[in-house]
Amino acid sequence: MKKLTFLTMSVLLFLTTALLAQEQKPEKKGHYNTSKFRQLYEELPTPNMFRTASGAPGPAYYQQQADYKMDIVLDDKNQKLFGEETVTYTNNSPDELTYLWVQLDQNKRASNSKTPDIESGNTSFGYDAKKYVANFMGKPFQGGFNIDYVKDSNGKDLKYTINQTMMRIDLPLPMQAKSTYTFKIKWWYNINNHVTDRARSGYEHFDADGNNAYIIAQFYPRMAVYNDVEGWQNMQFWGSGEFTLEFGNYEVNITTPADHILEGTGFILNQADMLTNKQWKRYQEALKSYDKPVVIVTQEEAEKAEKGFSNKTKTWKMKAENVRDFAFASSRKYLYDAMAVKIGNRTVMAESLYPKEGNPLWGDYSTKVVANTLETYSAHLFDYPYHKAISVHALQQGMEYPMICWNGGRPKPDGTYTERVKNGMIGVITHEVGHNWFPMIINSDERQWTWMDEGLNSFTEMLAEERFDKDFPSRGFPKNITAYMNGDQSKISPTMSNSENVFQFGNNAYAKPAASLYILRELILGHDLFDKAFKTYAERWKFKHPSPADFFRTMEDASATDLDWFWRGWYYTTDFNDIGIKSVSKYVVSTTPTKQAKMVAERYGLDLANYVFLVDTDSDEYKPEMDKIKEPTKDLKILDDYLTQNFTKEERATLKNSKYFYKVTFNKPGGLVMPIVARITYEDGSVDDKYYPALIWRFNDDEVSKLITSDKAIKSIELDPNLLTADVNLENNSWPMKKEESKFDKFKKKVEN
Amino acid sequence: MTLLKKLLLLILIPLMAFGLHKYYISLTQIDYKAQEKSLQISMRLFTDDVEKTLTSNFKKDFKLDTPDELANTNKLLEFYINSHFKVHVNGKLLAIKFLGKEYDQDLVYFYIEIKDVASIKSIEIENTILMDEFEEQQNIIKLNIDKILKTMILVRDNDKDLLNF
């Protein structure tokens with residue numbers, strides 16, 4: 001009964017509300033703030049003791065530390081890698097940890113990996129025999145970690161669970177804040193062929209001499225990051241979202257065949273014993289050679305080595321401090337050269353390791369490009385803190401690790417190479433060496449945000465390439481991303497999207513953020529403000545874990561420029577920029593009151609005899625005789641009288657003589673708010689560049705007008721003449737309008753002739 | 001207006017291969033010119049990728065974009081394009097005409113025309129160019145048909161797409 005009453009009442013209440021609603025007028029609807037200039041309070045996390053509102057690390061900022069001691073054996077005969085590692089993990093967080101997460105990246109290549117299950121497969125138009133056998137008759141590669149044991153420091157087995165590329169180690173006792181825990185893992189895996197596998201690490205096999213060149217990375221179980229932003233960053237490694245790692249110290253002994261040349265992260269403590277006396281002497285020379293590389297292992301020596309296959313071994317003793325990862329390259333095929341670079345008051349070694357197949361290109365360019373990158377990045381960010389940077393040549397590669405990276409760019413077998421192979425190689429070396437800053441030292445979360453290292457690095461790469469060759473065909477210019485930005489919206493993601501789930505990875509996470517920073521520097525902040533802010537971000541977050549908000553906030557904090565509109569448009573939306581000239585109206589000065597003037601005069605009781613009027617030459621109020629007034633200040637008595645009475649002759653001569661009046665209306669078919677950059681060319685050939693900040697759009701997102709006055713007639717107006725705004729449509733950028741035939745039409749004409 | 005010219009040259013540069021991983025991408029712009037009853041197609045690809053694919057298919061050293069480029073490159077290219085790029089309009093497979101190619105830095109542009117297209121009610125594009133060589137190849141198609149802009153992203157597993165108007 002009670003229920004029924006309630007129901008009846010509810011129905012009544014509903015009816016009453018419905019009736020009331022009907023009576024109300026619909027225009028009573030309000031709205032939330034939808035301005036494109038509103039602050040990013042809803043998008044950015046609330047500042048806290050870990051990360052401040054200024055974008056700097058806060059007083060309670062912490063990060064974990066993971067130190068590794070490893071004994072590694074490279075089995076060149078069977079392409080296997082064996083390792084025993086001791087991990088000492090320091091919990092600097094205020095939290096108690098009951099388990100640890102360890103990354104097993106090699107498991108992406110395990111025969112039971114789920115990565116292929118989220119990829120796709122289809123038939124090819126045809127198969128030659130080799131491809132047929134490889135595609136349909138081969139066994140799946142037996143990759144992935146084989147874990148022999150996980151033990152505590154006393155040798156007692158620890159309980160662990162593997163979920164694809166992540167391993168959870170359950171701790172016997174919870175780990176308290178500020179405590180350390182040591183455990184051991186023994187493992188081995190089959191090394192993959194990175195050329196056929198298209199992988200970031202592995203070996204390349206050289207059929208001609210039967211040797212392998214190994215580029216070894218993600219090769220040991222690595223601690224996952226635990227921090228105030230993600231807790232455990234244990235998102236699986238599917239393949240696109242790269243790595244998120246803690247800083248730590250490394251002691252690594254690597255046993256290789258005795259005829260191998262090896263380089264890797266950190267110091268080689270016994271390098272003198274690893275090289276021949278002659279080579280060691282050449283290395284000492286390189287330490288003092290600031291103008292050109294010294295070849296330490298020569299082509300002759302490498303060619304001799306690649307003819308043999310030593311059954312003896314030697315052990316390289318490596319030590320690295322404060323690095324977030326460890327990688328190495330090893331082969332008997334390697335040549336090795338190095339030169340010294342002055343960074344601040346320190347000497348850093350720029351080095352290269354390459355098989356003879358890379359020459360002459362590699363000997364000529366690699367180490368010099370490394371040196372240029374170290375110098376440019378140090379100037380823009382902070383001095384390179386490590387003692388060396390190595391560029392290793394590996395086919396089709398481009399992958400970065402602390403102090404060492406793999407780079408492609410190979411001449412043809414006869415040693416010749418095209419300009420595009422050379423430029424590709426210079427570009428990739430600059431990019432990968434540049435990664436030493438982003439993310440190796442400014443240690444952002446790659447698994448979550450690809451743009452934070454790739455975007456910022458692609459931008460800085462452009463500065464280094466420009467320094468190396470001022471006409472270098474860099475790719476991150478704003479004009480190069482317009483085709484991407486005005487594409488079908490269903491195939492574009494905002495840059496603030498997870499690494500694994502973006503359409504058009506290269507454009508989304510490399511080119512667009514790089515171009516956006518280029519625009520910020522060239523057009524919005526200018527070099528001084530931008531460079532200081534960018535450097536401040538680098539200084540604040542070196543050897544730490546920044547998040548996107550820390551970057552956005554620092555750029556504003558150090559420049560006194562509210563950029564929330566910029567971050568919102570470029571990073572949180574897929575909007576593009578398209579600003580056009582809608583119309584240009586010419587006005588003449590007249591003493592004949594316009595209709596509007598008469599209306600105002602009547603309403604407020606003004607005497608129009610004391611006024612002059614601007615008349616739109618396109619309006620019906622315009623009469624040809626109005627053109628007779630060529631010099632308004634002389635031809636119109638009320639102006640002439642006023643000037644004569646109030647200014648001396650000399651003063652009058654200094655006044656701006658406005659004779660030509662234009663109202664320019666800009667429209668904005670694009671969703672982004674951006675500054676208006678207009679180049680005005682006058683009839684006498686002189687040029688005036690106008691810059692109206694993005695805020696001009698704050699009250700009207702569709703169109704805005706400006707009155708432009710001058711003593712000269714305007715011949716033409718062109719928007720964004722230097723192509724700095726990524727305007728996707730240039731057809732509406734000119735007044736008077738210009739038409740250009742398409743690339744297709746031009747080519748067709750050429751062919752038909 | 002040289003700026004526009006420049007832009008048209010660069011507008012199709014795909015911004016991939018930025019270090020790290022090389023991105024295997026091509027970009028095809030398809031414009032329908034109703035007055036001329038013509039589908040105008042320009043396809044932008046990396047010269048290196050094209051060279052590698054042609055070499056695998058035809059077992060020849062093409063030496064693209066060099067003075068020694070193989071004499072019948074365009075013929076073989078036409079054969080390759082014909083077997084990897086198919087356009088159906090209103091359900092009918094149309095004959096394509098390969099006009100030629102043009103190099104720009106590390107890129108190559110193919111120009112293709114389809115004539116006598118009176119109207120478009122539906123268009124299906126199949127583009128497997130370079131996919132036989134590169135597993136990760138993505139072929140992006142941008143269509144501009146009667147002022148309607150559409151993008152298709154074609155990959156091995158999904159190498160054709162249909163649009164109805």
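## First stop: chain B

Select chain B: of its 165 residues, 45% are buried, where buried takes 20 or more other C-beta atoms within 10 Å of a residue's own, exposed takes 12 or fewer, partly exposed is in between, and C-beta atoms are placed from the backbone. Keep in mind that this is a predicted model, in which local features need pLDDT of at least 70 and side-chain atom pairs count only at pLDDT 80 or more, while totals for chains, interfaces and linings use all residues. For your selections, residues are numbered from 1 along each chain as its sequence is written, and chains are lettered from A and ligands numbered from 1 in the order in which they are written.

Colour chain B by secondary structure and you get three helices and ten strands; these are DSSP runs numbered from the N terminus, with helices being H or I of at least four residues and strands E of at least two. Following the sequence, the pattern reads α-β-β-α-α-β-β-β-β-β-β-β-β. Of the chain B contacts between residues at least 6 apart in sequence, 59% join residues at least 24 apart; a contact here is two C-beta atoms, placed from the backbone, within 7 Å.

## The sheet in chain B

Now pick out the open sheet of six strands in chain B, ordered β5-β6-β2-β1-β8-β9 with mixed pairing. The edges are held by β5 (97-104) and β9 (148-154) of chain B, each with a single partner strand, so one side of each has no neighbour in the sheet. Direction ignored, neighbouring strands are turned by 15° against each other on average.

Helix α2 (residues 47-58) of chain B packs on this sheet, touching β2, β5 and β6 (107-114) of chain B, with its direction at about 90° to that of β2(B). For these angles, axes are lines fitted to C-alpha atoms, for helices over the stretch in contact, and values run from 0 to 180 degrees between N-to-C directions. Select helix α3 (residues 73-84) of chain B next: this one lies across β5 and β6 of chain B, at about 115° to β5(B).

Zoom in on β1 (residues 25-33) and β2 (residues 38-46) of chain B, an antiparallel pair joined by seven bridges; pairing requires at least two DSSP bridges. B:K33 has B:S38 in β2(B) as its bridge partner.

B:K59 is not a glycine, yet its phi is positive, about 50°. Is B:K59 buried or exposed? B:K59 is exposed, with 8 other C-beta atoms within 10 Å.

## Over to chain A

Start with β13 (residues 248-257) and β17 (residues 313-323) of chain A, which run antiparallel and share nine bridges. A:Y250 sits opposite A:A320 in β17(A). Strand β15 (residues 267-268) of chain A also pairs with β17(A), antiparallel over two bridges, and there A:I268 faces A:M318.

Two prolines deserve a click. A:N359 to A:P360 is a cis peptide bond with omega near 5°, and A:P360 lies in the loop between β20 (346-355) and α8 (361-380) of chain A. Another cis bond joins A:F438 and A:P439, omega about 10°; A:P439 is in helix α10 (residues 436-441) of chain A.

## Last stop: α16

Select helix α16 (residues 564-572) of chain A: seven of its nine residues are buried, so the helix is largely enclosed by the rest of the structure. Among the buried ones are A:W565, A:W567 and A:W570. The cover includes α13 (505-524) and α15 (548-557) of chain A.
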